[in-house]
Amino acid sequence: MLSPAFAASTRVAVAANFTEAAQEIAAAFTAATGDTAELSFGSTGTLYTQISQGAPYEVFLAADAERPAKAIAEGLAVDGSRFTYATGRLVLYSAEPSRVTSETTLTEGAFDRLAIANPATAPYGAAAIAVLQALGVYDAVRPKLVQGTSIAQAYQFVATGNAELGLVALSQVAGKPAGSHWPVPAELHAPINQDAVLLQTGRDSVAAKAFLDFLKSPEAGAIIRRYGYETGA
């Protein structure tokens, strides 16, 4: 590890679904390099708005490929720096141990509230809508939808019992034995490819570039997969 005198820091905007994985990766990054990553979490759309308005983030870990590509196109990010760091999975989750069995939990409609992330700002929310449409239950379920500002808030709605069910990120329930869940088949929605990009604010930041390099490392990849994501490795 480098001595504290030479340690640097970078500011990283992180999609809410990646919260726990990012925290673990940031700790491993510090242990390996001595540098630190200051993490800020939110929905991808909200974070992009902040970036476009001049927020001082240097790295953007989105929950889609669209916003990082848009950031490059609009001159907010460094061309050639974008890559897919994880592919997310959606899961139907309930805090009740026997509530979720399969897709029939959705199609039978025996629930009052289904939590999803805001589909306008959160890619996992858009994927949730696609799943409901693919299963042919969107019109029936629509009045029961409760939207969180991010996938983190959607998960909280379910965890606290404010909604019986939620279409949330598999990473949020990975390793948690309580409750019940059904991993949504990937073919029911477009792939949730999550891209990272170096923002123009961080183009000269050694720590920002080092964090992105670390995100591609086998050590980070192992952490990412442990949280239920797929990687290219």
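This is a predicted model: local features need pLDDT of at least 70, side-chain atom pairs count only at pLDDT 80 or more; totals for chains, interfaces and linings use all residues.
Residues are numbered from 1 along each chain as its sequence is written, and side-chain values use heavy atoms, with hydrogens and water left out.

- T105 is found in helix α4, residues 104-107; helices (H or I, at least four residues) and strands (E, at least two) are DSSP runs, numbered from the N terminus.
- T105 counts as buried because its relative accessibility is 9% (buried means under 20% relative accessible area, exposed over 50%, and partly exposed in between, with a 1.4 Å probe and protein chains only).
- Not counting residues up to four places away in sequence, T105 touches L92, R99, V100, F111 and L165; contact means heavy atoms within 4.5 Å.

**The sheet**

- Five strands form an open sheet in the order β2-β1-β3-β10-β4, and the pairing is mixed (two strands pair if DSSP finds at least two bridges between them).
- β2 (36-42) and β4 (83-88) stand at the edges with a single partner strand each, so one side of each has no neighbour in the sheet.
- On average, neighbouring strands of this sheet are turned by 20° against each other, direction ignored; the axes are lines fitted to C-alpha atoms, for helices over the stretch in contact, and angles run from 0 to 180 degrees between N-to-C directions.
- Strand β3 (residues 59-61) and strand β10 (residues 192-198) run antiparallel and are joined by three bridges.
- In β10, A196 stands opposite L61.

**The nonpolar cores**

- The largest nonpolar core has 70 residues, of which F18, I25, L61, L114, L132, L167 and L215 touch the most other members; such a core is a set of buried Ala, Val, Leu, Ile, Met, Phe, Trp, Tyr and Cys residues joined through side-chain atoms within 4.5 Å.
- Another core, of 13 residues, lies apart from it and includes L47, A55, Y57 and A62.
- Leaving aside neighbours within four places in sequence, L114 is in contact with residues including L92, L132, L165 and L167.

**Salt bridges**

- The structure holds five salt bridges (a side-chain nitrogen of Lys or Arg within 4 Å of a carboxyl oxygen of Asp or Glu).
- E38 and R11 form one, with the closest N and O atoms 3.7 Å apart.
- This pair links distant parts of the chain, as E38 is in strand β2 and R11 is in strand β1 (residues 9-15), 27 residues apart.
- E38 is partly exposed at 41% relative accessible area, and R11 is partly exposed at 40%.
- E24 forms a salt bridge with R226, the closest N and O atoms being 2.0 Å apart.
- That pair also links distant parts of the chain: E24 in helix α1 (residues 19-33) and R226 in helix α10 (residues 218-226) are 202 residues apart.
- E96 and R99 meet through their side chains in a salt bridge of 3.5 Å, N to O.

**R89 in a loop**

- R89 is found in the loop between β4 and β5 (90-94).
- The R89 side chain reaches the backbone oxygen of V184 at 3.0 Å.

Terms used: A polar contact is a pair of N or O atoms within 3.5 Å; within protein, one must be able to donate a hydrogen and the other to accept it, and residues adjacent in sequence count only if both atoms are side-chain atoms.
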